[in-house]
Amino acid sequence: MQEKQQKIFNAAQKTFNELGFKKTSIAAITKRAEVAVGTFYRFYNSKEEIFVQVYVEENKRVKQAVLATSDLSENPRTLLPKVMSQLRNQANNNLILRAWYTNPKLKQLIKNKTSVEENFMYYTVLQLIKQWKDHDLIQPGMMVSRVQQLFGALIVVDSHHDELPAGDYEQLVADLIQGILDRILK
């Protein structure tokens, strides 16, 4: 990235993190970056465009942090619920990541600009699945692609949680995780 573009990106990241998407303006970003508004438009077409880029970077940062602080050799039945809980807590407590759940327009933009593999939870779970396969913890005949598909369905449920009937969503996720683990692990 060019120096000015990097300054704008860093300012946007800090401002979105402090204020969230809705309360952040291009003027606030450019003021923090100490550049003119016109300079912003040399690199980005809109606030939405820079937000999606900031979201992708924040997503990567948090995924790496959760994996780095987890004992990946821990029993999968204990580890996965912890990791999923950490990821969901991060998403709920981080104004950048929370946009996925609270802003349908941004959610669609993020979905259109990123692949399933870049999904906040999917990537992390995929790293764990590979490790479990390497340590022979997966049921015989259970293909990694099938395991990915099962967890992919969980990600879809999480992505559409607002469409589910009212109830204890945390318990629903815990039950789904446990059911998937019962199906795939030895």
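## Basis and confidence

The model is predicted: local features need pLDDT of at least 70, side-chain atom pairs count only at pLDDT 80 or more, and totals for chains, interfaces and linings use all residues. Residues are numbered from 1 along each chain as its sequence is written, and side-chain values use heavy atoms, with hydrogens and water left out.

The average pLDDT (the predictor's confidence in each residue, from 0 to 100) is 87 for the protein, and 95% of the residues score at least 70. Among the elements, the highest mean, 97, belongs to helix α2 (residues 26–33), and the lowest, 78, to helix α8 (residues 120–134).

## Overall fold

The protein has ten helices and zero strands. Helices (H or I, at least four residues) and strands (E, at least two) are DSSP runs, numbered from the N terminus. The C-alpha atoms fill a box of roughly 60 × 35 × 25 Å along the principal axes.

Of the 186 residues, 42% are buried. Buried means under 20% relative accessible area, exposed over 50%, and partly exposed in between (1.4 Å probe, protein chains only).

## Aromatic contacts

Six aromatic pairs occur in the structure. Rings of Phe, Tyr and Trp (its six-membered ring) pair if their centres lie within 6.5 Å; planes under 30 degrees apart count as stacked, over 60 as edge-to-face and the rest as tilted. F21 and F51 make an edge-to-face pair, with 5.3 Å from centre to centre and 75° between the planes. This pair links distant parts of the chain, as F21 is in helix α1 and F51 in helix α4 (residues 47–68), 30 residues apart. Both F21 and F51 are buried. The pair of F40 and Y44 is tilted, because the ring centres are 5.5 Å apart and the planes stand at 40°. F40 is buried at a relative accessible area of 0%, and Y44 is buried, also with a value of 0%.

One aromatic cluster is formed by F16, F21, F51 and Y55. The ring of F21 also has the charged end of K47 over it, 4.1 Å from the ring centre. A charge sits over a ring if NZ of Lys or CZ of Arg is within 6 Å of the ring centre and within 35 degrees of the ring normal.

## The second largest pocket

The second largest pocket holds about 150 Å³ of space. On a 1 Å grid over the protein atoms alone, a pocket is an open set of points where a 1.4 Å probe fits, with protein on both sides within 12 Å along at least five of seven lines; lining residues have an atom within 4 Å of a point. Grid points are joined across faces, edges and corners, and a volume is the space filled by probe spheres set on the points.

The lining consists of L19, G20, F21, K22, L95, R98, A99, T102, N103 and L106. Helices α1 (3–23) and α6 (95–102) each supply at least two of the lining residues.

## Selected residues

V56 lies in helix α4 and counts as buried at 18% relative accessibility. Its C-alpha atom is 11 Å from that of Q13, 43 residues apart along the chain.

E34, in the loop between α2 and α3 (37–43), has a positive phi near 60° without being a glycine. E34 is exposed, with a relative accessible area of 67%. D136, in the loop between α8 and α9 (144–159), also is not a glycine and has a positive phi of about 55°. D136 is partly exposed at 49%.
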